[in-house]
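Subject: Structure handover

Hello,

Here is the structure I promised to pass on. Please open it next to this email. My notes follow below.

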Amino acid sequence: MVCFEKGKESLRKRRYVYLSKDAYRYRLEAITNSDGEFTFPDMKSGKYFLQGFLGYTHNGTYNEYTGTGYNNYGGQTDYYQQKSYSVDHEDRIEAFVEVKKDGEIVRVNLH
């Protein structure tokens with residue numbers, strides 16, 4: 001499996017994670033519930049690398065210049081129109097975790 005060091009990876013290349021054939025064979029997948037919680041039942045003791053992707057959208061507004069109006073006395077007024085925007089983001093969240101004995105419950109916060 002290829003692990004990236006924080007700050008040394010290209011943000012544009014964060015689309016794929018490549019696994020060795022052995023790592024792919026032993027991978028476990030889970031989907032979170034509405035609270036972001038997930039479980040891997042029946043995990044054996046050992047050390048694990050957890051990785052997830054957190055998608056979110058940033059919404060906002062800005063004032064866009066649309067033109068200038070002039071009056072008969074030499075004064076001017078600049079006109080703006082409020083515009084909305086959305087930017088999609090996806091953060092990779094990860095952690096190493098150790099399950100020390102079969103059946104142990106380990107709580108992990110990914111960040």
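Which side chain does arginine 27 meet in a salt bridge? Its partner is glutamate 29, with N and O 2.9 Å apart. A salt bridge here is a side-chain nitrogen of Lys or Arg within 4 Å of a carboxyl oxygen of Asp or Glu.

Before the rest, two notes on the source. The model is predicted, so local features need pLDDT of at least 70 and side-chain atom pairs count only at pLDDT 80 or more, while totals for chains, interfaces and linings use all residues. Residues are numbered from 1 along each chain as its sequence is written, and side-chain values use heavy atoms, with hydrogens and water left out.

Overall layout

The chain has one helix and two strands. Their order from the N terminus is α-β-β. Helices (H or I, at least four residues) and strands (E, at least two) are DSSP runs, numbered from the N terminus. Of the 111 residues in the chain, 12% are buried. Buried means under 20% relative accessible area, exposed over 50%, and partly exposed in between (1.4 Å probe, protein chains only). Take the contacts between residues at least 6 apart in sequence: 53% of them join residues at least 24 apart. Contact means heavy atoms within 4.5 Å.

The hairpin

Strand S1 covers residues 46-70 and strand S2 residues 76-99. They pair in the antiparallel sense, over 24 bridges. Two strands count as paired if DSSP finds at least two bridges between them. S1 and S2 form a hairpin, with five residues between them. Glycine 74 sits in the turn and has a positive phi of about 90°.

Salt bridges

The count comes to three. Side chains of opposite charge can pair when their charged atoms come close.

- Arginine 27 and glutamate 29: arginine 27 is partly exposed at 35% relative accessible area, and glutamate 29 is exposed at 64%.
- Glutamate 64 and lysine 83: the closest N and O atoms are 3.5 Å apart. Glutamate 64 lies in S1 and lysine 83 in S2, so the pair ties together parts that are 19 residues apart in sequence. Both are partly exposed, glutamate 64 at 31% and lysine 83 at 29%.
- Arginine 92 and glutamate 94: N to O is 3.0 Å, and both residues are buried.

Isoleucine 93

Isoleucine 93 is in strand S2. This residue is buried, at 19% relative accessible area. Beyond its neighbours within four places in sequence, isoleucine 93 is in contact with Leu50, Gln51, Gly52, Phe53, Leu54, Leu110 and His111. Its C-alpha atom is 9.2 Å from that of asparagine 109, which is 16 residues away along the chain.

The largest pocket

The largest pocket holds about 1,600 Å³ of space. A pocket is an open set of points on a 1 Å grid over the protein atoms alone, where a 1.4 Å probe fits, with protein on both sides within 12 Å along at least five of seven lines; lining residues have an atom within 4 Å of a point. The volume is the space filled by probe spheres set on the points. The lining has 38 residues, with Leu28, Phe38, Phe40, Leu50 and Gln51 nearest the centre of the pocket. S1 and S2 are the elements that give two or more residues to this lining. S1 supplies the largest share, eight residues. By type, the lining divides into 24 nonpolar, seven polar and seven charged residues. Ala, Val, Leu, Ile, Met, Phe, Trp, Tyr, Cys and Pro count as nonpolar, Asp, Glu, Lys and Arg as charged, and the others, Gly among them, as polar.

Best wishes
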